[in-house]
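Please open the structure in your viewer and keep the sequence panel beside it. The tour below goes from one selection to the next and says what is found at each stop.

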Amino acid sequence: MATAANPRKRLRSVSPASSVASGATSLRGSTPITVASSAVFAPGLFDKAAQYHAQHASSRPYKHCIIDELVSDALLLRVRREITTQLHFTPKETDIYKLHQTGDLLNISGLSSRDKEKLSALHSLRDSMYSSEFRAFITEICDCGPLSGLKQDMSINCYVKGSHLLTHDDVIGSRRVSYILYLPDPEDKDCEVEDEHGRNLGWDPAWGGALRLYEIDAKGAPKAEWNKVVPPAWNQLTFFVVQPGVSFHDVQEVVFDKPRLAISGWFHLPQKGEDGYIEGLQESLNLESSRAALADAAAAAAAGLGELPSPALKSISNFPQGIDRTYTALTQQDIEFLAATMNPKYLDVNTILKSRDEFVDLSLLELEGVLNDEFAAKLRQHIEELEKSPVPVSVSDAAKLESEWRLSRPPHKHRYLYIEPSRDAEPITPIQQLVAVVASQQFRKWLTSITGVGELTHSRVLARRFRQGLDYTLATTSLNPVDETGTAPIDDDGNALGGLLEGTICITPTIGWDEGEFGGYDLYMDDGTANDDQPEQNGSGPEHRDSDDDENDPAVYLSGSRSKRRKELEQLRAEAKISVSDAGSTATWEGQANVDELIDDSDDDAEAEESAGDSVLLTSQAKWNVLTIVYRDPGVLKFVKYVSQNAPGSRWDVTGEWKPTYNSREETAASDSD
C-alpha cells in the first residue's frame with residue numbers, strides 16, 4: 001500500500017482530486033462574466049497544455065492530471081479570505097462522508113449588490129473556470145469532448161479533524177470531469193512542506209486529508225486498498241474524467257486539528273442549446289453505465305474477484321416445526337450447549353416469553369450481558385491481546401501475520417476484517433467459538449423462541465473487526481436478499497417479499513464510544529421509499545449530486561446519542577440558508593458569525609427536523625457484550641459508520657442474518673394477539 005512522502009522533505013506539489021466535492025454547495029450562472037485570464041490564472045498556464053496532456057496520458061492507476069499552480073496567488077488568497085470570513089459552514093454527515101460545508105449557494109444570484117461584492121474574487125474564479133477558454137484547455141488535456149458552460153457545479157467544503165470521504169467513482173447524471181482546487185493556508189507556520197521553488201504548500205501530509213486513487217482488479221471491482229496517495233497542497237488542481245467502474249477514489253481522514261479547505265466540482269456534458277449537445281446522450285450513457293455495472297459485477301464474480309464475504313445467505317437445515325408458541329422450542333440439550341457461552345438469564349423460559357412479547361411489539365431487542373461471565377472474560381482477554389498486536393492493514397499484512405482474519409471487498413461497499421464459521425476445523429479461539437455458536441442450530445432455535453419468528457431458511461454469520469482509520473460498511477437495504485442460487489423472493493409486481501432477522505453481538509472492549517464521535521456505530525434508517533417522488537439513489541453516495549437534488553437526500557442522518565442529535569438538528573437549520581457575514585464580523589469554521597439571512601426558511605426548519613428525526617430508526621453504539629436483534633423490513637438502510645483514526649480501539653462484533661419464511665412473521669403477530 002502506498003504511503004505519503006516524508007512530510008519534512010521538499011515535495012513536488014501533487015494535488016488531491018475531484019471527487020472530494022462531496023455534494024457541498026453550487027455556484028451556478030447562466031451568463032459567465034468576462035474575466036481576463038491574465039488576472040486570474042497563473043502566467044503561461046495555457047501554454048502547457050501539451051505537457052499536461054502527456055502527464056494525463058501516462059498517469060496511473062487511471063488517467064488524471066495535476067496542475068501545481070493554477071491561479072494567481074493574489075486572487076486565490078482573496079478567494080480564501082472571502083470563504084473563511086463571509087460564508088457559513090455547517091457540519092454534515094452520512095454513511096459515506098463527514099465534513100463541514102457552506103449553505104446552498106444556488107441562489108447566489110439573488111444576493112444584493114453589497115453582498116455580491118463580498119464574494120467578488122470567488123465569482124471571478126468561478127466564471128474563469130467555466131469560461132470557454134478554460135473548458136477548451138481541460139478538453140485538450142483529457143480528450144473528453146466538449147464541456148458545458150451553462151451547467152456550473154462548484155462546491156466549497158472544509159474537512160476538519162475526523163472528516164473523511166469513503167470510496168466511490170463519482171458517476172452520476174451528466175458529470176464528465178471531476179476537479180478539486182486546494183486552499184490550505186499557505187502562511188501556516190506549522191507546515192514545513194515546500195515545493196521545489198521553496199513555496200509553502202500549506203499542508204503537511206502527516207495531517208491526513210489526502211486523495212487516494214484505487215486500481216481495479218476488473219472493471220467495477222476496485223482493489224481492497226488504494227495504490228496512489230495525493231496530499232493536499234496550496235493552489236493545486238487535480239482533475240480526471242469520470243469513468244463508471246474505474247475512477248474509484250476516497251479522501252483520507254483528517255487526523256490533525258487543521259481545516260482542509262477546497263473548491264471542487266464537476267464539468268458536465270453540454271446542455272441543450274450549447275455547442276456539442278447531443279439529444280439523449282446523457283440518458284443513453286446512464287443506461288449504458290447501469291447495464292455495464294451489472295455485466296462488470298458478473299464478470300468480476302466469474303473471475304473470482306467478486307464481493308467478499310459473499311452477500312448470499314446459505315440454505316440451512318431446520319429443526320421440526322409445529323412449535324408451541326406458549327413455551328420454548330429449546331430442549332435441555334440445547335440449553336446446556338448454549339449455556340457454555342450464553343448468560344443463563346436469557347435461556348430462562350420466563351425471560352424468553354417476556355422478550356418475545358417485546359419483540360413482537362417493537363421488532364427490536366437489546367440484551368445486555370448476553371454472554372456468561374466466564375466466557376465473556378476469556379473473550380475479552382483474547383480481544384485485548386489482539387488490540388495490542390500489529391493491526392493487519394492489507395491483504396499481505398494479514399498473510400504475514402498468519403492471521404485468521406480476511407479482508408472484505410470491494411471498498412466502495414465495505415472494508416473490514418472478518419472470520420466465517422468453519423464446517424471442517426474445530427473452533428480454537430474464543431471468537432471462533434462464538435461464531436460457531438451463533439451459526440449453530442441451537443442458536444437459531446433460541447432466536448425463533450425469543451422472537452416468535454417461526455422458520456429460518458437461510459443464514460450468514462460473520463465475526464468482524466473494524467479497524468481505526470480504515471473500516472466501515474456503506475448503506476445497503478435488505479431488499480431482495482439473495483440466496484446461494486442468486487434468486488430472491490418477489491411478489492407478482494416484482495416487489496421484494498419479507499425482511500431479515502438480524503442479530504449482532506457487539507464485543508468491543510474499549511470505552512468512549514457513547515457519543516458517536518469516533519463512528520463505529522450500527523445505524524438503521526428509513527430509505528425514503530415510502531415517498532413515491534423519492535429519486536433512486538446512486539452507489540456513488542448521497543453527497544454526489546447536483547445541488548438541485550440535495551433536499552431529496554434520504555441518506556443524510558443524525559449520528560450519535562440522543563443528546564447529540566438535538567445539537568445536530570439545530571445545525572441542520574442552517575443548511576438551506578445562504579449566509580454572508582456583515583462587514584467587520586469574523587466567521588469561524590463552525591460558522592459562528594453574524595449573518596444576513598437571505599432566505600425565509602422557517603417552514604424548512606420544521607420539515608428538516610421532522611424528516612431527520614423520523615429517518616433514523618436505531619443507532620447502536622459500539623459496546624461490550626450486548627446483543628441487538630432486529631427484524632429489518634425491505635428498504636431499511638443499514639451501515640456501520642467509518643471508525644475514526646482517533647477511536648479508542650477497533651469495533652468488534654459477531655453478526656448474523658437469517659431469512660425467515662415470509663409468512664412466519666405475520667403468523668407470529670397474529671397468533672400472539674389471539
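How many of the 9 residues of strand S27 (residues 624–632) are buried? Select the strand in this predicted model, and you will find that 9 of the 9 are buried, so strand S27 is largely enclosed by the rest of the structure.

While S27 is still selected, pick out asparagine 625, which has its place in this strand. Its phi is near 60 degrees, a positive value in a residue other than glycine. Asparagine 625 has a relative accessible area of 7% and counts as buried because that value is under the 20% cut-off.

Then select strand S15 (364–368), which pairs with S27 in the antiparallel sense over 5 bridges. Here glutamate 368 has valine 626 in S27 as its bridge partner.

Select the buried residues of H5, which include Ser120, His123, Arg126, Asp127 and Met129, and look at how they are placed along the helix. As a guide to the view, an α-helix has 3.6 residues a turn, so residues three or four places apart point the same way.

Now turn to an open sheet of 4 strands, whose order is S21-S28-S23-S26 and whose pairing is antiparallel. Strand S21 (476–477) and strand S26 (616–620) stand at the edges, each with a single partner strand, so one side of each is left without a neighbour in the sheet. To look at one pairing in detail, select strand S23 (residues 522–526) with S26, which pair in the antiparallel sense over 4 bridges, and find methionine 525 opposite valine 616 in S26.

Aspartate 170 lies in the loop between strand S5 (164–168) and strand S6 (175–182), and it has a positive phi of about 75 degrees although it is not a glycine. With a relative accessible area of 0%, aspartate 170 is buried.

Which form does the peptide bond from leucine 308 to proline 309 take? The bond is cis, with omega near -10 degrees, and proline 309 is found in the loop between helix H7 (281–302) and strand S14 (314–315). Finally, select arginine 409 and proline 410, whose connecting peptide bond is cis with omega near 0 degrees; proline 410 has its place in the loop between strand S16 (406–407) and strand S17 (414–415).

Definitions and conventions: Residues numbered from 1 in each chain as written. Predicted model: local features only at pLDDT ≥ 70, side-chain atom pairs only at ≥ 80, totals over all residues. Heavy atoms only, no water. Helix = DSSP H or I, 4+ residues; strand = E, 2+ residues; numbered from the N terminus. Buried < 20%, exposed > 50% of the residue type's maximum accessible area, 1.4 Å probe, protein only. Pairing = 2+ DSSP bridges.
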